Amino acid sequence: KIPIVPNLPPFEGGIQRGKSPMSIRFQDIYSPSGQIQGHIDPPTMIQQAFQQGEWLLTNFDIDPDFTVSATSLRWFMEKAGEEKADLIITLNLQTIKDIMAITGPIKIDQFNLEIDQNNIYSFLQNQAENNFFPGSTQKKDSLTLVGKQLISKIESLDNSQKLSMIKLLFDELDHTNILVNALDPDI
């Protein structure tokens with residue numbers, strides 16, 4: 001399972017290996033957060049920053065050391081009853097936009113809309129906020145829809161685009177716009 005946790009908008013997803021080819025699952029980060037029982041006293045920096053008296057899953061990445069933040073995420077996900085992640089990858093919204101600049105727009109038939117690097121954030125933000133109610137799956141559904149379409153588009157890139165994508169991903173890793181943490185020390 002590889003959670004993909006972008007900085008904006010907040011969500012997480014994952015890739016899970018099984019007997020079949022890899023499958024991808026996206027999830028609204030607020031869903032597992034709501035499954036955590038009890039009160040968790042915040043670290044001092046959370047209390048100083050948010051003055052809320054509680055540590056929430058949505059603030060797992062408060063520490064600038066990603067190793068510490070990844071450990072916090074795994075702890076929160078375990079407390080929420082989620083599977084333990086072997087590998088955690090984070091990427092920011094600009095990286096997603098840069099990926100979409102290579103792939104080109106994706107068609108979202110359900111909304112009769114094309115999503116590209118210029119409107120992805122507003123589309124997802126709109127889906128997350130408009131007509132939201134506790135228990136709603138619209139954010140998760142929209143993330144899954146866009147994520148799967150984007151992955152499908154990535155899989156169909158021509159060789160030149162694949163080389164551009166590889167260069168982008170290495171550059172983003174080098175500039176720490178993509179962070180990776182693995183339980184397996186060989187990774």
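Start at aspartate 109, which is exposed, with a relative accessible area of 56%. The model on screen is predicted, and the values quoted here are computed from it.

Lysine 107 is partly exposed, at 39% relative accessible area. The count of salt bridges comes to two.

For another salt bridge, select aspartate 171 and lysine 167. Here the side chains meet at 2.8 Å, N to O. Both residues sit in helix α7, four residues apart, so about one helical turn separates them. Lysine 167 is exposed, with a relative accessible area of 52%. Aspartate 171 has 30% relative accessibility and counts as partly exposed.

Next, show helix α7 whole, residues 159-174. Which helix gives the most to the patch? Helix α7 does, with four residues. Pick leucine 173, which is found in α7. Leucine 173 is partly exposed, with a relative accessible area of 36%.

Last, bring in helix α4, residues 93-103. View α4 and α7 as a pair. Two packed helices are described by the angle and the distance between their axes. For α4 and α7 the angle is about 165 degrees, and the axes lie 10 Å apart. That angle makes α4 roughly antiparallel to α7, since the cut-off for this class is over 145 degrees. The crossing of the pair α4 and α7 is right-handed.

Key
Residues are numbered from 1 along each chain as its sequence is written. This is a predicted model: local features need pLDDT of at least 70, side-chain atom pairs count only at pLDDT 80 or more; totals for chains, interfaces and linings use all residues. Side-chain values use heavy atoms; hydrogens and water are left out. Helices (H or I, at least four residues) and strands (E, at least two) are DSSP runs, numbered from the N terminus. Buried means under 20% relative accessible area, exposed over 50%, partly exposed in between (1.4 Å probe, protein chains only). Axes are lines fitted to C-alpha atoms, for helices over the stretch in contact, and angles run from 0 to 180 degrees between N-to-C directions. Angles under 35 degrees count as roughly parallel, over 145 as roughly antiparallel, 65 to 115 as roughly perpendicular and the rest as oblique. A crossing is left-handed if the near helix is turned anticlockwise from the far one by less than a right angle, and right-handed if clockwise. A salt bridge is a side-chain nitrogen of Lys or Arg within 4 Å of a carboxyl oxygen of Asp or Glu.
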